[in-house]
Amino acid sequence: MSKLQAPRGTFDVLPDDADAREAVEREARRVLEAAGYRRVETPTFEATELFARGVGEATDIVRKEMFTFEDQGGRSLTLRPEGTAPVCRAYVEHGMHKHAQPVRLWYLSSFYRHEAPQAGRYRQFWQVGAEAIGSDDPAVDAETILLLADLLDALNTHGIRLRISSLGTPETRAAYREELQAYLRAHEERLPREVAERIDLNPLRAFDAAGIEDLMADAPKLLDRLDADDAAHFAEVRRLLDGAGVHYDVDPTLVRGLDYYTRTVFEFESSELGAQSGVGGGGRYDRLVEMIGGPDTPGCGWAAGVERILLAADRPPVAPPPVDLYVAFVRPGDRATAFALAGEARRAGLGAQLELAGRSLKGQLKQADRVGARFVAILGEEGTELRDMESGDQRAVDAGRVVREVIRGREL
Ligand code: HAM
């Protein structure tokens, strides 16, 4: 039989990884709840139509990477590749447009994409995300960006750079795309082959190509084609970020992999990461709620990859849970007393472990030392003894007083 392993692109979260992941959750809760966000959890799978929305330019990478399956009733379901569409679905389904707007929601959940695995890119990964639905105020865009900046800062991530841009409306974008395509065709002889071949499919790629920087510096930019409202919105987002001291680069070539963005888009990347440098990103999605069958409702938010945050951050030292009391016994007849004592200690708030491997007394004391136990209660023929592992002192104690003695001793 072949050895069973976790599927390609997935990983186990082992106890030594758990502390750092919990720190992400704790800081996310602190930063987001201070700004009025409340936690939401949606199902791991959804109806496929939620993600395959038929609209979309050729850029929607997520749709091509979905884990889709049929249930026993022949319905097509998909493991969520991202959290924004599910949160918007929940907003519509639960009539949240009737609540005070914007409704602010955050999540920390697992997501699934059938991508080629590499460092920082997995098929099951975790995102912490925030969505503010129901306001088109540019202060919402600026606030969500500031919150992610604060979270990454609180988690000591290194080498962070923020890029922002505005995509305007899908109509502006479509007109711009044609203009850019015409520009590229007019200069086709100067384009590298892979760029020339993708003029129809992905003309924006030309901005990332090496060797044609001069040509692209003169190319039309989407930011210069925004209509007056969109341009004013973007200017206000920038003014608020400037006022709050958030550093960013305006990057008119910033494209995001999802199809629902309008107006502001942004991405935080870290120089600590390799090819997959995106730590978190997001933007405004003013048409998404309507696209999935809800009322015309603007929205804005972001998601950041938990694994990528941890790759870009200092790892806190791993501290195993403290063991205040180790309960040792040798005679099988003392087993029930030892078991009850460990339970009593835990109910009193102590960290307590019971001998579970049938070790000799010497072996048990060694094990108590290994787990860093502060005290060991030794249940023996002559009664109960309490050993202070710090000083090495050992003395007889009344069995009923062990927990109280440990609490007292711990405080000394
Ligand atoms: P996204 O850029 O596709 O946006 O993903 C956000 C973050 O999730 C990325 O920056 C990255 O850190 C992490 N991530 C994405 N794919 C993987 C992967 N295969 N392995 C590990 N980490 C990954 C969204 O998902 C949007 N829903 C963000 C958003 C929220 N926009 C508006 N609201």
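Biologist: Which backbone nitrogen does the side chain of E82 reach?
Modeller: The one of A85, at 2.9 Å. This is a predicted model, where local features need pLDDT of at least 70 and side-chain atom pairs 80 or more, while totals for chains, interfaces and linings use all residues. Numbering starts from 1 along each chain, and side-chain values use heavy atoms, without hydrogens or water.

Biologist: OK, and which side chain does E82 make a polar contact with?
Modeller: Y260's, at 2.6 Å (N or O atoms within 3.5 Å, one able to donate a hydrogen, the other to accept it).

Biologist: Is E82 buried or exposed?
Modeller: Buried, with a relative accessible area of 5% (buried is under 20%, exposed over 50%). Beyond its neighbours within four places in sequence, E82 is in contact with F51, F111, R113, L258 and Y260, meaning heavy atoms within 4.5 Å.

Biologist: Switching to helix 4: what caps its N-terminal end?
Modeller: D137 does, with a side-chain oxygen 2.7 Å from the backbone nitrogen of A139. After helix 4 comes N156, and the phi of N156 is positive, near 55°.

Biologist: Which residues of helix 4 are buried?
Modeller: Among them are P138, D141, A142, I145 and L148.

Biologist: And which residues does helix 4 meet in helix 8?
Modeller: H233, E236, V237, L240 and L241. From the helix 4 side, P138, A139, D141, A142 and I145 take part.

Key:
Buried < 20%, exposed > 50% of the residue type's maximum accessible area, 1.4 Å probe, protein only. Helix = DSSP H or I, 4+ residues; strand = E, 2+ residues; numbered from the N terminus.
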